[in-house]
Amino acid sequence: MKAFISIIRIRFNLLLQYRIAAIAGGVTQFFFGMIMIMVLYGFYSSSDGEMPMSYQSAITYIWMGQAMLGMLPWNGDMEIQNLIRTGNVSYELLRPMNLYNYWFARAFALRTAPTLLKSIPIFIIALLLPSDYKMHLPPNVSSFIAWILTTFGALMISCTITNIINITTLYSISGDGIQRLLSSIVTIFSGMVVPLPLFPEKLKQILSYLPFSGLVDIPTRFFTGEIAFNQLLGYFCFQCLWAVLLYILGQWILNRKIKDLIVQGG
Amino acid sequence: MDSIKLYFKYFRFNIESQLQYKTSFIMMSIGHFLITFIEFLGVWVLFERFGNIQGFIFEEAALFYGIVHMAFAITEGWTRGFDTFPKLVRLGDFDRILLRPRTTVLQILGHDIQMMRIGRFMQGLVVLIWAIFKLNIEWTLGKTLLLIGSIIGGNFLFSGLIVLQATLSFWSVQSLEIVNSFTYGGVQAAQYPISIYKPWFRKILIYIIPLATVNYFPAMTILGKSDLLSFSKWIGWFSPLFGILFFIFSLSIWRIGVKHYTSTGS
Amino acid sequence: MIIEANELSKRYKMPKRKPGIVGGLKNIFHKEYEEIIALDKICFEVKEGELVGYIGPNGAGKSTTIKILSGILTPDSGECRVLGKVPYKERIDYVKDIGVVFGQRTQLWWDLPVIDSFELLKDIYKIPLGDYLKIKKELITWLDLESFINTPVRQLSLGQKMRCELAASLLHSPKILFLDEPTIGLDAISKLSVREFIKKLNKERGVTVILTTHDMDDIESLCNRVIVIGKGKILLDGSLQSLRNTVSKDRRLILDYDGGNGGISILGATPISKENNRLVIDFNPDIITPADLITTLSTQYKIKDILIENPAIEEIIAKLYGEFNI
């Protein structure tokens, strides 16, 4: 646990050194959020039909996605991937802790530190915008509590997926193309590009069973109050179930690979 | 003439050196192809849900989408040297370029020509061809030329943005990501007809970053729609030329940047 | 005169970094600068066919000078003429006639055979085909490149790479060659062959060479003239011997011994250290010859090994600094 905390502390310090890059990143996300919202505005004002989601909720959804972008597992841990590419990963095996858990701790730091730094200014600005672009606060305290809890669930899923991305580097070193593909799958199926409630009904059903929906869609819909508080337990269990499954899966592939590495002599 | 010959030699050597890593090259190209398809999936989802956007149907939007993405793919391919320009300065390669009896622009363009952007290009082409088959456009020689012209004009406009972005890095490297978001955000915004946006944003896309001139105006002309936001309906026939003018304008700013660099050395 | 530099001055602005989060935020909106004088009214001339060593510690202004002379950088004041042209005013026209080699950077195409980079340079410099073939053949023989000319650059050793760099910067037959740390990181044999080549180029082709280096052996084996720069000013301009003489004539004796003892009180010799059976002495050859010194010492020590060396360039320059009170 001590090692865990120190990993996170190092990550924070590092991040503060690159604060200008973080600000630039925040501005970029703000800009993209604006474009997405204007497109949605165009669509909503073209249709009179009943939509599965109000325009107001859709905007909040978009801002939530932009603010929490850093928390999504859209890339691996650069340092670990470099270790693997240069072959220095063998030294990692010498560390006196479970390699998967060590990588998990790093992933946790990678997903929380920049997000905390970037999301707060985005939230503040998004809440202060004119009404057509404005993010809305949760309707009540219970929605907010549910959002906090499911965001934690999202974080767990995100870390396990990040770890799987790291581990795939062990299998195909030149798999840069595959990883980018993976990241774009994560972005669209989590609801980052288009809110999941707007997807065609059948596709929506399939997506709701996949772990990606636990990343953006579930927390956000609790935040906007679309999902009632009394369903919190079910959704949170869904997230935990996926996190545990992906955790076991990651451990399993990594251990298999380590055995191979040891047999081949690294 | 001589410069063209040199550019083609650069071109040949770039291909040869990228083909040294054949698997990675093919994977990346396929990756780019699929990633842009996933992006397109987002557009499809919205049309499935809303039916139209301000009177434009999916097939019409696909025409806009194809033109923009093909133009941007060409830009990404041939202006990569400008896109990664801060790295060129940091590694001292730009000093090397200044030591050679050729223009900086030609050498930077030749420095890195990315062939795998063919993935995005092909995807744009597939979408464009699909749109052309679905839409009942009365094709004339003029319209065909206009279509090609708007892709070329778009390419020059995006290239101009990339050159401006590189020029800015003579003064400040840290603000680059923000400018970068204008380029990528521009691609996102121009995927849709600009008439769907609010007037203030439309004005940006007409007068400041004139994406409308290479996309909206010519595409409307091709579609045979006469409502050009109170502009004369003739504008679509020659507006792609603005892309080239914008590029020439960027090059003159670039020269100021180079002068600044050689006088400060930073 | 092939190079004339007249009162060249250059200042840089360096942003001040403020510590802490608040400082970092302040930095974004308001930057404070610190001025650094890189060159302070530098004057020198170089004759055609000279081989000049340009030395000084890091940050002394060496690379600023090279950048101005090669046309990459414009001085704040003063002027310079190289080959009758002002480098930073007529860049494209001027750089046709110069060659530049940076020891730590490559101008070769990383993933392609060396020969491809040469082909590209041929087009960049618009070298007529006949000339190109002739010069290429000569350089390949001189630098012995034949065996790896078709190998991708990334697979070459540092020494091989440097030989190719030299060839690449000479394909267009420049009249002046600027070499920035050409032997840095090379193994002993490669260093020798690079030096041999530079010497030959200068002697047989009459190419004027300006060389910056930290390696005293480079200077010693190549240059008949050195310019020492420190904190933006020229401290000394003359022969290598005059550099030594100005600072100190001392040479250094390193002696390994098996046994023996005794104090050292020899006129003209100063003991520097004595530990682990190794004795280090600085001596002035005008007062005591090395032979006499060794004879005297051999009466006191059972000598195992002896080495006489010149003080390192850093030491000479440090002393020079002391003298100039910088």
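Read along the sequence, chain A of this predicted model follows the pattern α-α-α-α-α-α-α-α-α-α-α, with 11 helices and 0 strands, where helices (H or I, at least four residues) and strands (E, at least two) are DSSP runs numbered from the N terminus. Because the model is predicted, local features need pLDDT of at least 70 and side-chain atom pairs count only at pLDDT 80 or more, whereas totals for chains, interfaces and linings use all residues. Residues are numbered from 1 along each chain as its sequence is written, chains are lettered from A and ligands numbered from 1 in the order in which they are written, and side-chain values use heavy atoms, with hydrogens and water left out.

The C-alpha trace of chain A spans about 65 × 40 × 35 Å along its principal axes. Buried residues (under 20% relative accessible area, with exposed being over 50% and partly exposed in between, for a 1.4 Å probe and protein chains only) make up 54% of the 266 residues of chain A. Among the contacts of chain A (heavy atoms within 4.5 Å) with a separation of 6 or more, 81% are accounted for by residues 24 or more positions apart.

Chain C has 11 helices and 13 strands, and its C-alpha atoms fill a box of roughly 70 × 60 × 45 Å along the principal axes. Of the 326 residues of chain C, 50% count as buried, and residues 24 or more positions apart account for 69% of its contacts with a separation of 6 or more. The domain assignment, whose bounds come from an automatic or database source, gives domain 1 (3–245) and domain 2 (249–310) in chain C, and the C-alpha centres of these two domains lie 40 Å apart.
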